[in-house]
Amino acid sequence: MAGRPRVGVTGNDRRWAPGWWCARFALFLAGASAERISVRHPPSGKPLDALVIGGGNDIGPEHYGGEIDARVKTDQERDRLEMDWIRRALDEGMPLLGICRGAQLINVVLGGTLHQDIRPLRRQTYNRPGLLPTKQARLTPGSLLARVCGKTAIRINSLHHQAVKQSGQGLSVVARDLDDIVQAIESDSGQPIIGVQWHPEYLAYMPAQFALFRWLLQRTKT
């Protein structure tokens, strides 16, 4: 592993965490060494070259002005941990990839808001969770995301019931699905930040999805 960029990957603290293992494998194939970070997996202290904020529980509604009494499954300790890491990445200019919850959390840290439950917004597509690329996202032509993926329409999976509503400061919406729900954000100032609403770690066998991990490493300092 000598000479490989080190990428921190945040997520839940469960022993069986397929998102972590799939992200680790995708990063390995892309040429990186991944380090797991969670409330039960403290960082090693070794310098990190990039950061992936992974998917998982809903974000606490108190962070974005949501309905406090809504019946959602949150993890306040994880929220605090990942928000701290996002701020650190922003301060240090560390390349940052947000996956599902991770994209939402980047948006919230930068002052954006969320749809607390997108199910009533669904008209053209269903909201059943699934790992397979059964949905389509339209990417903004000329966006960083479109250049990275090499196309303006891609197949995606879906495991979420929340999504970006209003983009945060310095972020632009660069992908939507057939219901016009936000599927990706990126920095509008050239910072190395991409957030996707889907789970590319489960789709790394698709070139357009694996390209996100390759992009992350290309933007590292090593």
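1. Start with the largest pocket. Its lining is made of 32 residues. Gly-55, Gly-56, Asn-57, Leu-159 and His-199 are the ones nearest its centre. Bear in mind that this is a predicted model.

2. Which elements give two or more residues to this lining? They are strand S1 (6–10), helix H1 (18–30) and H3. H1 gives the most, with 4 residues.

3. The pocket holds about 580 Å³ of space. Sorted by class, its lining has 14 polar, 11 nonpolar and 7 charged residues.

4. H1 also packs against another helix. Its partner is helix H5 (residues 207–218). The two axes come within 9 Å of each other. They cross at roughly 65 degrees, and the crossing is right-handed.

5. Look at the residues that meet there. H1 brings Ala-26, Leu-27, Leu-29 and Ala-30. H5 brings Phe-210, Phe-213, Arg-214, Leu-216 and Leu-217. By class, this contact has 8 nonpolar residues, 1 charged and no polar.

6. Helix H3 (residues 101–109) packs with helix H2 (residues 76–92). Their axes lie 10 Å apart, at an angle of about 70 degrees. Angles of 65 to 115 degrees count as roughly perpendicular, so H2 and H3 are roughly perpendicular to each other. Their crossing is right-handed.

7. Which residues of H2 and H3 meet? From H2 come Arg-78, Asp-79, Glu-82, Met-83, Ile-86, Arg-87 and Leu-90. From H3 come Arg-101, Leu-105, Ile-106 and Val-109. This contact has 6 nonpolar and 5 charged residues, with no polar ones.

8. H1 lines the largest pocket and meets H5. H3 gives residues to the pocket lining and meets H2.

How values were computed. Residues numbered from 1 in each chain as written. Predicted model: local features only at pLDDT ≥ 70, side-chain atom pairs only at ≥ 80, totals over all residues. Heavy atoms only, no water. Axes fitted to C-alpha atoms, helices over the stretch in contact; angles between N-to-C directions. Parallel < 35°, antiparallel > 145°, perpendicular 65-115°, else oblique. Left-handed = near helix turned anticlockwise from the far one by under 90°. Contact = heavy atoms within 4.5 Å. Nonpolar A, V, L, I, M, F, W, Y, C, P; charged D, E, K, R; others polar. 1 Å grid on protein atoms, 1.4 Å probe; cavity = no way out; pocket = protein on both sides within 12 Å on 5 of 7 lines; lining within 4 Å. Points joined across faces, edges and corners; volume = space filled by probe spheres on them.
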